Amino acid sequence: MSLAVAAAARPRAAKRERLARQRRRFLVWCLAPTLGVLMAVTLLPILYLVATSFTPLDPTNPATAWNFSRPLLNYRLMLSDGRFGNSLWVQAKLSFWTVGLQMLIGIGFALLLNLRSGMLKALRTLFLVPMVLPPIVVGIIWKVLYTPDISPAFWAFKALGWKVATPITSATWALPSIILADTWEWFPLTMLMVLAALQTVPEEILDAARVDGARIWQATLYVVLPYVRGTLMVAGLFRLIDSIKAFPLIYLLTDGGPGSVTEVTNYYAFEQAFNFSYVGYASAITVVLVTVSLALSWLIVRLTGWGADE
Amino acid sequence: MQRLSVTRRRMLAGVAGGAALLPAPAVLGKATSKYAGTTIRGAAFSLPFHQYLSTYFPEFEKETGIKVAFDIEAFPIYNQRMDLELSTGGSSYDVIIVTFIYQGKWIGAGWVTDLDEFTKDPNVTPASWDPVDFVPGVEASMRDAKGHTYAYGVEAGAMLLYAGRADLIDRAGLALPTTMDEVLKVCAAVHGKAGVAAWTADKLHHWNWPPYLEASGGRVFRDAPKDLMPLLDTPPAVASAAWYAGLLKTYGPPGVLSFTDDQALHSQLSGRANMRTNSITWGLPLAKDPSSTVAKTVRYGMVPGGPAGDFPGVACHGFGIPKGSKKKGAAWEFIKWALSKEMLLRVVKEHGYPSVCRRSVIESEVFKETLTLNGQDVAALYLKVLDQLGDGAYMRYRTVPVFPAVGDKINRAIDAIATGQQTAPVAMKEAEAQAIEAIRMGGYKIGR
């Protein structure tokens, strides 16, 4: 009997398997065009970038294209290039301060705006303005503020009899002035993300904390912030990756100067490619930047547990 | 339902009626050029010449039937965009400004069209257009080693000294400085008087500083374009860099290190800064611009010299045609018209344009009258600078393909000295090392 059942079931199982195979094949064919386009628009340019980084490509000299005779030359050059090293250090300082300040200010404002106050709710939109402004507009606003001839701030300083150095031409203040402008522009993003997370904190656990005698600051520190820790992590790492892409403010305000005090790696690569036509070397710098960005993205996934099974 | 019968008569009547309803081409019956109906696209950075010339575009369009559309950008943006456009063989533009600093690169790379094919064809260019009328020193950088011409001069930015508040210098019992030592003496005497800073400049140090480097006996390269070994850490280079950075730091208005050309001009127009050395184009508004507060006190002089002589900078930008242009014939018609003697005389007469590159125009009475500024014959100073330029030898450092990269090192070194980040010897030594690296990256062989 059981043999007869098994014999009858065999063709059914084979049929199911065949159907499943067909379904899989169908899905693969459906996805293929999308995957193809995705590969073409993301992977191919990166592959081209990597290939270019192994050549001394300079558009003024056609012989340098696809010249792989000394593939590691650009990378070796990078190791001895003091300006590249300096640009990494400037990048590290810029990222540290902008991300740190944006997180602190963003969390502070989010906690304030999360209070049940009509006025604060109305202010939310106002705080978002810097973030939605085009970067060029932000650059112009700060350029005006930092330029003594046309700056209302400098008029006020002058009226008060204060002699204040022009921040964007001071070796000491140029980087802080970029950090200030960048923080002003982007703290609303962290504020928005944290605010959204705060609104998911269940009232019950806050009530429980209150019943246990926790004060507001204790509830915030020991209950609320740990609850939104994942969001804080994502916000911080997003800002960190974004800070590596810093460009418009530096281009508009300081041009990487005075000297090289505000020259970040991104800007240095831009100069090599677009001002001096050293596309091969700029590609190598960019490959390093892409690698760092990818490593940080991987870190985001690891730390936040995205994609892991619940 | 009634069917409409289509007859030949009806069809012709319909076509004629329809044509009458369409707007007639603006050039119908007027255009003389075989390119009538073509639209050429041009690109330029913000130049006073272009601003003046564009007021005559309707005349050109009426005369030839060629429509002209120009994109105007700020100087650095223009150069970056054009560099990219030309390097990719783009055909977006038919007429461009071949920027002085990029002439070696763009012409050397074969990205712009040889204009000899137009000027040497009498059917295309009449002899009266006279290409040899352009000042040779101005044209030198727009020619290749074989003597072929790739652009014709639009602006000869001859460098002069101009003091907006020469009255303050008079009051101090001094004269306009003629040497670098005198510059410091005059600046020390007038700085801060009546709230006026003694010196101003834009942030393009690699344009403003080399005249003083050369006056001190130094050079940017050992012998450009043949020998591109940079000489940025030689004693004259270090001394003149320290001198120039000190001048900006001690006698410049607040924020001078970040000044663009416009800001430097405005600091003089508004009477907040006194002296500047730059192209005459930026000096003319001090006497002629309605907003100038120094029109009655401005005075012009030659760029101060040093122990090795005086070497006023001359930057010559020209009109050229990109290699990738699909409308080269029409583009040449435009250049021919824009840079004809007649048109240049009109631009000088009607707009007071000072930076002309044609000798016949420079020597005309109209030019002399136009450049008599505040009672001073500035035309004579301008001619003197162009004559001093000779065959352009001392400006060749600027048109070699690697100069943008080397110029960047100069800019950063002067900035570093002026802001006290580095001493002049350290900054210039670093600039030298970086310049050597950049030149080698460009594929040039150099050595001590």
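Let's start in chain A, where α7(A) passes α10(A) in a right-handed crossing. Right-handed here says that the near helix is turned clockwise from the far one by less than a right angle, and left-handed that it is turned anticlockwise. The contact takes in A:Trp186, A:Thr190, A:Met193, A:Val194 and A:Ala197 from α7(A), and A:Thr231, A:Leu232, A:Ala235 and A:Arg239 from α10(A). When I say contact, I want C-beta atoms, placed from the backbone, within 7 Å of each other. Sorted by class, that contact has 6 nonpolar, 2 polar and 1 charged residues. For the classes, Ala, Val, Leu, Ile, Met, Phe, Trp, Tyr, Cys and Pro are nonpolar, Asp, Glu, Lys and Arg are charged, and the others, Gly among them, are polar.

As for geometry, helix α7 (residues 174-198) of chain A and helix α10 (residues 229-244) of chain A have axes that come within 9 Å and cross at roughly 160°. So α7(A) is roughly antiparallel to α10(A). The cut-offs are under 35 degrees for roughly parallel, over 145 for roughly antiparallel, 65 to 115 for roughly perpendicular, and oblique for the rest. The axes are lines fitted to C-alpha atoms, for helices over the stretch in contact, with angles from 0 to 180 degrees between N-to-C directions. Helices (H or I, at least four residues) and strands (E, at least two) are DSSP runs numbered from the N terminus.

A word on what you're looking at: this is a predicted model, where local features need pLDDT of at least 70 and side-chain atom pairs count only at pLDDT 80 or more, while totals for chains, interfaces and linings use all residues. Residues are numbered from 1 along each chain as its sequence is written, and chains are lettered from A and ligands numbered from 1 in the order in which they are written.

Staying in chain A, A:Ala219 sits in helix α9 (residues 216-227). Is A:Ala219 buried or partly exposed? It counts as partly exposed, because it has 19 C-beta neighbours inside 10 Å. The rule is 20 or more other C-beta atoms within 10 Å for buried, 12 or fewer for exposed, and partly exposed in between, again with C-beta atoms placed from the backbone.

A:Gly257 and A:Pro258 are joined by a cis peptide bond, with omega about 0°, and A:Pro258 lies in the loop between α11 (248-253) and α12 (265-275). Then A:Ser277, in the loop between α12 and α13 (279-304) of chain A, has phi near 70°, a positive value in a residue other than glycine. A:Ser277 counts as buried, because 28 C-beta neighbours fall inside 10 Å.

On to chain B, with 21 helices and 12 strands. Of its 448 residues, 52% count as buried. Its C-alpha trace spans about 95 × 55 × 50 Å along the principal axes.

Chain B splits into domain 1 (39-157 + 315-370) and domain 2 (159-314 + 397-441); those bounds come from an automatic or database domain assignment. Between them, 17 residues of domain 1 of chain B are in contact with 14 residues of domain 2 of chain B. On the domain 1 side, α5(B) gives the largest share, 4 residues.

Chain B has its own helix pair: α13 (residues 261-269) and α14 (residues 280-288) of chain B pack at about 30°, with axes 10 Å apart. That makes α13(B) roughly parallel to α14(B). This crossing is right-handed.

Chain B has a cis peptide bond too, between B:Ala224 and B:Pro225, with omega about 0°. B:Pro225 is in the loop between β6 (221-223) and β7 (227-230) of chain B.

Last stop: how do the chains meet? 25 residues of chain B are in contact with 24 residues of chain A. Which element gives the most to the chain B side? That's α20(B), with 6 residues. By class, the chain B side divides into 9 nonpolar, 11 polar and 5 charged residues.

Key
Contact = placed C-beta atoms within 7 Å.
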